[in-house]
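Subject: Structure handover

Hello,

Here is the structure you will be taking over. Please open it first, then read the notes below it.

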Amino acid sequence: MSRASVITEWHDAVLEGRVLEGIALKVPWRVVEDFSKLTRLSGSGEERRAFEILIRHLDQWGVPHRLHEPMCFISIPGPAGVRCNGTAYRAKTPAMSVSTDGQDITGELVYVPGGGGESAYDVFSTGVEFGGARVAGKIVLTEGMASPGKVKDLMAAGALAGIFVNPGQNIHEGICTTIWGTPDLDAAPRQPSIPVVAVNHPDGQALIRAAQGEARASVATRLDTGWRRIPVLVAEIPGRQAPEDFVLLHGHLDGWHYGVGDNATGNAAMLELARVFSRHRRRLARSLRIAWWSGHSHGRYAGSTWYSDTNAIDLARHGVAQVNCDSPGCRWATTFNHLTAMSETVPLVDAVIRATTGITPRPERPPRAGDYSFNDIGLSSFYMLSSTMSEEDRAAKDYYAVGGCGGNIAWHTEDDLMDIADKDNLLRDMRVYAASVLRVLQAPLHPFDWTRTAAEFRETLDRYEHAAGERFDFGPARTALDELDAALNTFYERAPGRGTARTAAVRRFNGAQRRLGRHLIPVNYSRLPAFWHDPAVNVPPLPDLAPVLSASWASGNPAHEGMLRAHLTRGRNRLVWALEQARETVQA
Ligand SMILES: [Zn+2]
């Protein structure tokens, strides 16, 4: 076993056994049932009642907590409709669409074929390929969810409005802005400037047929969009050895309709962890913060973004990891095939899930979604969506990709009711979160392996270098990466062999690990500098260098090539600097 794997697989078997034994269904299942009667729109009265249910339990158990009420930018959809050739079609408008105040916007209907994406996470990030179609001033009809990436492309092409054909009988709710959390002066111009609606698959087919016969269509929407107070509840169970260092476990409480699988189960799971960890609080080495956000569904992660902004420096200094909890414990969710984890956390996640469930997870790179409002700071992160149905089960049921509910297509619809939750799966998943969080709280050395991150960078650079051929020199980045790799090996070999979270040598080692995150995560997950939030669209690995994959090399256009080369040079400089700072951190 390498030194790094000894560190990532560290656990206190006795305490872990006690914590896992303590996890029970009684309280969380009742909370899921209570939540299943409340429509939890951000900032609404029913959402507030759901928060009060959590607060009552925390009070009863003596878990310290605070309810914040930040003013955030929130959008609540109202009625919407589509009319074409004298027929009215049922429609929903996503949060942050332009409101027409119920008035019809009329224009030529143009159909642009577009896929929905293969994976659960494509739902959030794919764009629209126009294939030369001229859409300016027209109403664009295309397939997929009304996602930010697609709506951004429609706006850029000058479309008058967008109609999205959802893949099934149900119309899925959603949010269509690329602005991450509350808009700032730079982000505000990206606010959606067109009305957007979604229709179901059969109605979509009728509209596509109409579009092929040169039809005109009308779109009407109504939304209540503006600044309002939303609740953010944060419980904190202080650690005993290094209380200033903390793990943030978090998930959204707001949702669509009764939102049982997305995300009443997650809220209940976090509450159960609060109960059990509080009972073992005298044994905890570091602090556990548990946050329930509002503003996720109707403010594009407004709650978690507010928390990130408000606690930025504390997160940067003392955040050990952030762990997101969304859609655990759903029906038929027998795999962990769409689990996300940053590379340095993969050995931990793999070990803990196999140990607690016997299932081998298939961790993926976290997409730009799911309350990951901490990438710019550089917090090690794992989990977003939870357990999920197998590909075979989904195929057998003819299910399309959705972004939650363990793959159940009730996601973001009126059908996300009690039958979507599953007791056995919820118990199993709560144990996964409990063991994962416990290991990070207790491990004397943060249980991360940064050589995995270096290996991921190497794979990415290989791919980009292959695409560039002789046209761009990745040499300086390779040299810096080799030097970091060598330094990391020495760093792990010399890791303190004994001591607790409060020992000076251990603290130094962990401080260096956290700073590795501050250098290596932003350059791999964000384009903007620390403390600014990238748009809610796909961020490829080492994003500054990803344009090397574009076809501009082959265009023969010197302007395109010149701009691409300048972009890559700047991106390479940023990467080399991050790698050098990371190396100096572990050598210090
Ligand atoms: Zn969710």
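Which side chain meets that of arginine 83 in a salt bridge? Aspartate 104 does, at 2.0 Å from N to O. A salt bridge here is a side-chain nitrogen of Lys or Arg within 4 Å of a carboxyl oxygen of Asp or Glu.

Some ground rules before the rest. This is a predicted model, where local features need pLDDT of at least 70, side-chain atom pairs count only at pLDDT 80 or more, and totals for chains, interfaces and linings use all residues. Residues are numbered from 1 along each chain as its sequence is written, and side-chain values use heavy atoms, with hydrogens and water left out.

Salt bridges

Back to that pair. Arginine 83 sits in strand β2, and aspartate 104 in the loop between β3 (87–92) and β4 (105–111), so the bridge ties together parts that are 21 residues apart in sequence. Helices (H or I, at least four residues) and strands (E, at least two) are DSSP runs, numbered from the N terminus. Arginine 83 is partly exposed, at 45% relative accessible area. Aspartate 104 is partly exposed too, at 33%. The cut-offs: buried is under 20% relative accessible area, exposed is over 50%, and partly exposed is in between (1.4 Å probe, protein chains only).

By this rule the count comes to 26 salt bridges. Another one joins glutamate 69 and arginine 48, with the closest N and O atoms 2.9 Å apart. Glutamate 69 is in the loop between β1 (65–68) and β2 (71–84), while arginine 48 is in helix α4 (residues 45–61). The pair links distant parts of the chain, 21 residues apart. Glutamate 69 is partly exposed at 38%, and arginine 48 is partly exposed at 28%.

Aspartate 544 pairs with arginine 574, their closest N and O atoms lying 2.8 Å apart. Aspartate 544 belongs to the loop between α16 and α17, and arginine 574 to helix α17, 30 residues apart. Aspartate 544 counts as buried because its relative accessibility is 13%. Arginine 574, at 25%, counts as partly exposed. Bridges that share partners also join Arg48, Glu52 and Glu69 into one network.

Asparagine 524 is in helix α16. Its relative accessible area is 2%, so asparagine 524 is buried. What does asparagine 524 contact, leaving aside its neighbours within four places in sequence? The partners are Arg365, Glu456, Phe457, Pro540, Pro541, Leu542 and Pro543. Contact means heavy atoms within 4.5 Å.

Leucine 528 is in the loop between α16 (504–525) and α17 (558–587). Leucine 528 is partly exposed, at 34%. Together with Ile313, Phe531 and Trp532, Leu528 makes a nonpolar surface patch of about 390 Å². Patches are made of residues with over 30% relative accessible area and no salt bridge; like charges are joined within 9 Å, and nonpolar side chains (Val, Leu, Ile, Met, Phe, Trp, Tyr) within 5 Å. Accessible areas come from the Shrake-Rupley method with a 1.4 Å probe; for residues, only the protein chains shown count as cover.

The largest pocket

How much space lies in the largest pocket? About 330 Å³. A pocket is an open set of points on a 1 Å grid over the protein atoms alone, where a 1.4 Å probe fits, with protein on both sides within 12 Å along at least five of seven lines; lining residues have an atom within 4 Å of a point. Grid points are joined across faces, edges and corners, and the volume is the space filled by probe spheres set on them.

The largest pocket has 15 lining residues, and Phe491, Phe509, Val586, Gln587 and Ala588 lie nearest its centre. The elements giving two or more residues to this lining are α15, α16 and α17. The largest share, five residues, comes from α16.

In helix α9 (residues 302–310), the buried residues include Ala302, Gly303, Ser304, Thr305, Tyr307 and Ser308. Their cover includes β2, β9 (232–237), β10 (242–252), β11 (286–293) and α10 (312–318).

Arginine 300 is in the loop between β11 and α9. Arginine 300 has a positive phi of about 45°, although it is not a glycine. Tyrosine 301 is in the loop between β11 and α9, and its phi is near 70°, also a positive value in a residue other than glycine. Buried or exposed, at 5% relative accessibility, is arginine 300? Arginine 300 counts as buried. Tyrosine 301 counts as buried at 2%.

One more backbone point: a cis peptide bond joins aspartate 262 and asparagine 263, with omega about 20°. Asparagine 263 is in helix α8 (residues 260–279).

Best wishes
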